Amino acid sequence: MTDPIARPGKIIAIHLSYASRADQRGRRPAAPSYFFKPASSVGVSGGTVERPAGTELLAFEGEIALVIGTAARRVALADAWAHVGWVTASNDLGLYDLRANDKGSNVRSKGGDGYTPLGPHLIDARAVDPTDLRVRAWVNGEIRQDDTTAGLIFPLAQLVADLSQHFTLEPGDVILTGTPAGSSVIVPGDVVEIEVDAPHAPGAPTSGRLVTTVTQGTVPFDPEVGSLPAVDDLQRTEAWGSAEAAGLAPITSSPVPERAKRDEGLSPALRAKLLDAPTAGLSAQLRKRGHHSCFIDGIAANIPGTKIVGTAKTLRFVPFREDLFASHGGGYNAQKRAFDAVAEGEVIVIEARGDASTGTLGDILALRARTRGAAGVVTDGGVRDFAAVAEIGLPVFSQGAHPSVLGRKHVPWEVDVTIACGGAAVQPGDIIVGDDDGVIVIPPSLAEEVADAALAQEDEDAWIATQIEAGHPVDGLFPLNAVWRARYERATSGRTETGADR
């Protein structure tokens with residue numbers, strides 16, 4: 001049996017109110033700030049909430065909800081609590097994929113149907129001390145949040161008094177009073193329980209557990225009518241609660257400058273040169289400049305005739321270990337993050353320690369990379385769904401096919417770090433070039449020089465081939481000795497050769 005909760009006229013939620021949450025976010029507000037949620041977002045205990053198709057960062061927030069009992073307009077702080085009729089539990093659900101779209105108003109990220117479940121029972125506000133309430137949250141039976149109103153930056157009564165300065169709080173209006181640290185991402189199948197109680201009050205009144213089950217939506221957002229979900233590592237960090245919980249290295253700077261830094265190494269003009277230059281010629285020029293370890297060995301193209309050119313986005317697998325796979329293998333792991341974040345023109349380069357006995361990607365991830373505009377994938381491991389990946393059309397260089405799924409030999413560990421792939425060191429932003437001869441790694445600082453030299457060598461080799469076809473012996477011609485060099489230079493400068501030259 002649950003208490004009836006009338007459809008509120010207004011739902012007002014606070015952005016940050018608990019010290020533990022503010023410390024987690026690294027910012028503490030000087031005064032409360034708010035946003036509205038639609039009445040259509042109200043849900044009940046035992047209900048479901050949908051994670052929309054194409055999104056990943058639905059997060060729960062256990063909160064104390066205040067239900068206004070009598071109208072409040074410009075009430076003093078000392079009188080504010082008397083206008084609260086009841087206290088109950090709420091789950092202030094939010095979709096971080098849409099968080100940046102409305103720049104703080106949270107209209108779409110917090111306004112979805114069922115994003116404000118309330119209940120199941122109402123606690124009489126007169127029977128409790130507002131400074132001695134507790135809120136707890138569980139996900140799949142595991143406690144995730146446990147805090148009290150003693151940890152609030154802004155007391156509950158202050159929120160009522162503050163809001164009443166600006167508009168009338170009417171009976172049935174709901175104030176969501178913020179969430180403590182511990183809020184995090186939930187996925188389809190998860191069951192979230194929120195409880196608010198007053199453990200030190202007579203009878204220890206409680207809201208009971210507010211139960212919500214997450215389901216997976218199937219209808220994507222329409223790109224013709226509005227902005228679409230989008231995430232980055234900042235949103236992942238805030239949704240999960242920390243960079244570590246999100247499986248990311250701590251964020252120390254904006255990802256935009258880092259992306260710009262990677263893009264500096266491969267202009268459209270340089271990309272065109274590298275597409276024209278064969279890897280054999282490029283590697284020869286690298287060796288002339290002392291770079292002898294540029295080869296990613298042991299791999300071949302899934303589509304014969306493929307040519308790839310792009311900047312490296314790296315993904316590292318470590319050897320399988322049960323406890324590490326439990327902490328890093330599931331959920332939104334490093335492998336999924338790499339394929340979701342790859343930019344147009346980038347090549348995902350995977351360190352799989354040369355182990356061909358397991359797959360490092362399959363058709364779904366290949367489709368995601370192609371949709372994102374990736375130039376291709378290079379892995380020194382195997383590929384699952386090999387024929388399907390080739391049919392998708394994404395160029396992949398690997399050791400070949402293997403039917404296994406993730407978890408046999410690898411743990412997806414980290415992205416955008418220096419890795420070893422096929423015996424070559426690869427850093428994020430290195431330039432990757434591959435064709436039927438193989439794949440090489442070019443330091444960005446050498447790419448322009450190496451490309452120009454390789455193309456010049458191609459012109460020279462083409463001229464040499466015409467001389468060979470004309471019947472000249474290889475000796476002295478390949479490579480050019482001084483005599484043949486002079487002839488070549490005269491020919492390419494536009495001067496007519498003599499019969500002796502021919």
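Here is a friendly walk through a few parts of this structure, which is a predicted model.

Five strands make it up, in the order 4-14-13-10-11, and their pairing is mixed. The edges belong to strand 4 (47–51) and strand 11 (142–148); each has a single partner strand, so one side of each is left without a neighbour in the sheet. From one strand to the next, the twist averages 20 degrees. As background, strands of a sheet pair through backbone hydrogen bonds, either parallel or antiparallel. An antiparallel example here is strand 10 (residues 134–139) with strand 11, joined by six bridges.

Glutamate 195 lies 61 residues away from arginine 134 in sequence, yet the two are 8.1 Å apart in space, C-alpha to C-alpha. Glutamate 195 sits in strand 13 (residues 191–197). Is glutamate 195 buried or exposed? Its relative accessible area is 11%, and the cut-off for buried is under 20%, so glutamate 195 counts as buried. Leaving aside residues up to four places away in sequence, glutamate 195 touches Ala89, Arg134, Val135, Arg136, Trp138, Thr206, Ser207, Gly208 and Arg209. With one of these, threonine 206, there is a polar contact between side chains, at 2.5 Å.

Next, turn to strand 6 (residues 62–68). Seven of its seven residues are buried, so to speak a strand that is mostly covered. The cover applies to both faces: Gly62, Ile64, Leu66 and Ile68 are buried on one side, and Glu63, Ala65 and Val67 are buried on the other. Which strands does strand 6 pair with? Strand 7 (residues 84–91) pairs with strand 6 in the antiparallel sense over seven bridges, and there leucine 66 stands opposite valine 87. Strand 12 (residues 174–176) also runs antiparallel to strand 6, with three bridges between them. In this pairing, valine 67 faces valine 174 of strand 12.

Strand 17 (residues 308–319) runs antiparallel to strand 24 and is joined to it by four bridges, with valine 309 having valine 433 as its bridge partner. Strand 24 is also joined to strand 25 (residues 438–442), again antiparallel, through five bridges. Here isoleucine 431 stands opposite isoleucine 442. Strands 24 and 25 form a hairpin, with two residues between them.

Our last stop is a pair of helices. Helix 13 (residues 444–469) and helix 14 (residues 482–492) have axes that come within 11 Å and cross at roughly 105 degrees. Angles of 65 to 115 degrees count as roughly perpendicular, and the two helices are therefore roughly perpendicular to each other. Where they meet, helix 13 brings Ala456, Asp459, Glu460, Trp463 and Gln467, while helix 14 brings Trp484, Arg485, Arg487, Tyr488 and Ala491. Sorted by class, this contact has five nonpolar, one polar and four charged residues.

Note on methods. Residues numbered from 1 in each chain as written. Predicted model: local features only at pLDDT ≥ 70, side-chain atom pairs only at ≥ 80, totals over all residues. Heavy atoms only, no water. Buried < 20%, exposed > 50% of the residue type's maximum accessible area, 1.4 Å probe, protein only. Pairing = 2+ DSSP bridges. Contact = heavy atoms within 4.5 Å. Polar contact = N/O pair within 3.5 Å; in protein donor to acceptor, adjacent residues only side chain to side chain. Axes fitted to C-alpha atoms, helices over the stretch in contact; angles between N-to-C directions. Parallel < 35°, antiparallel > 145°, perpendicular 65-115°, else oblique. Nonpolar A, V, L, I, M, F, W, Y, C, P; charged D, E, K, R; others polar.
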